Amino acid sequence: MDLSFLTKAGIPVIQNALLAKYTTFQLGGPCAALIECNDAQQISFAVSTLRANDQPFVLMGFGSNILASDQGIDRVILRYSSATPAITRHGNNIRVDAATQIDALAEYAVNAGLAGLTTFSGIPGTVGGAIAGNAGAYGAQISDSLITLTVLDKNNSVSIIPRHAVKFAYRDSDIKHNGTIILSAEFTLLPGDKAGMSKQRADIIRERESKHGRWQETPCAGSFFRNVEPTSQADRRQSAGGIIEQAGGKSLNVNGAHSYARHANIITRDNGASALDVYDLTLAIQELVKKKTGIELIREVRLLGTFNGIGDPVDFW
């Protein structure tokens, strides 16, 4: 596949890249090509050029919320992620590039003595991915303190849109499905106690690693299923992990794919287990929970590619 117009612009292109190297599950076959974009200028150029050449692509961030097929995918992957934070402060407002890691943003806010993002400490993934999926932790959602987004629309036009123009839901947003690409975001925060927030951040990271493991050592994609929405205003959202454990799903194992020992909703794998094994395990968990409780668990993790001939069209850009 000739993508030399990108390499000439200084944008790295890796032909037949193995997705296992770019996802925290460390699973997945090759893609047609993987394009590495580290900032808004690069991704804007790459997207507009790909569209002008009628080249379909799949947008991906850090790869922390993806289960990629063993067969890979015959498409270009556009990866928008950077290890170098791009953050600026204006009073109590913070502007951040969407490729920045969400944990780096949380750390910056704590060090700046600004409250509102501390609960996102230790979460792997990009700011853009977190906003598109309306990530949340400890009762807070990323959209809570969001005020504006700079986006690239399907017509390759860049615009700034207010938070109220985006439809956010639990672990979802319309941006996740409509082809809009987040370039940067602005948050408004409140002055906070730096020492107290630093301790809270350390406690959260320690608790997260205790319950979820470290993704560098325990291949996973975080919580695999969404927590269960209440059936009425009087009910509370139910933990998917608790439901899975009560139904007996934590004991299921498919060729080395299984729940993490300390959290039933964290799906991990032993060496030798495939992406299909993980997928089959999640189907078995859904079936068991449905049989025992009548609850239908909904995936939070995106599928990339097909599994036993089954794909999820909404996951493709």
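1. Does Ser 48 count as buried, partly exposed or exposed, and at what relative accessibility? Ser 48 has 25% relative accessibility and therefore counts as partly exposed, where buried means under 20% relative accessible area, exposed over 50% and partly exposed in between, with a 1.4 Å probe and protein chains only.

2. The model is predicted, so that local features need pLDDT of at least 70 and side-chain atom pairs count only at pLDDT 80 or more, while totals for chains, interfaces and linings use all residues. Residues are numbered from 1 along each chain as its sequence is written, and side-chain values use heavy atoms, with hydrogens and water left out.

3. Ser 48 belongs to helix α2, residues 40-52 (helices are DSSP runs of H or I of at least four residues, strands of E of at least two, numbered from the N terminus). A polar atom of its side chain lies 2.9 Å from the backbone oxygen of Ser 44.

4. Among the 48 residues of the largest nonpolar core, those touching the most other members are Ile 35, Ile 43, Leu 78, Leu 105, Ile 131, Leu 149 and Phe 187; such a core joins buried Ala, Val, Leu, Ile, Met, Phe, Trp, Tyr and Cys residues through side-chain atoms within 4.5 Å. Strand β15 (residues 181-188) gives the most to this core, namely five residues.

5. In helix α6 (residues 240-247), the buried residues are Ala 240, Gly 241, Ile 243, Ile 244 and Ala 247. They lie on the same side of α6 because they cover an arc of only 165 degrees around the axis, taken from the directions from the helix axis to the C-beta atoms.

Key:
Polar contact = N/O pair within 3.5 Å; in protein donor to acceptor, adjacent residues only side chain to side chain.
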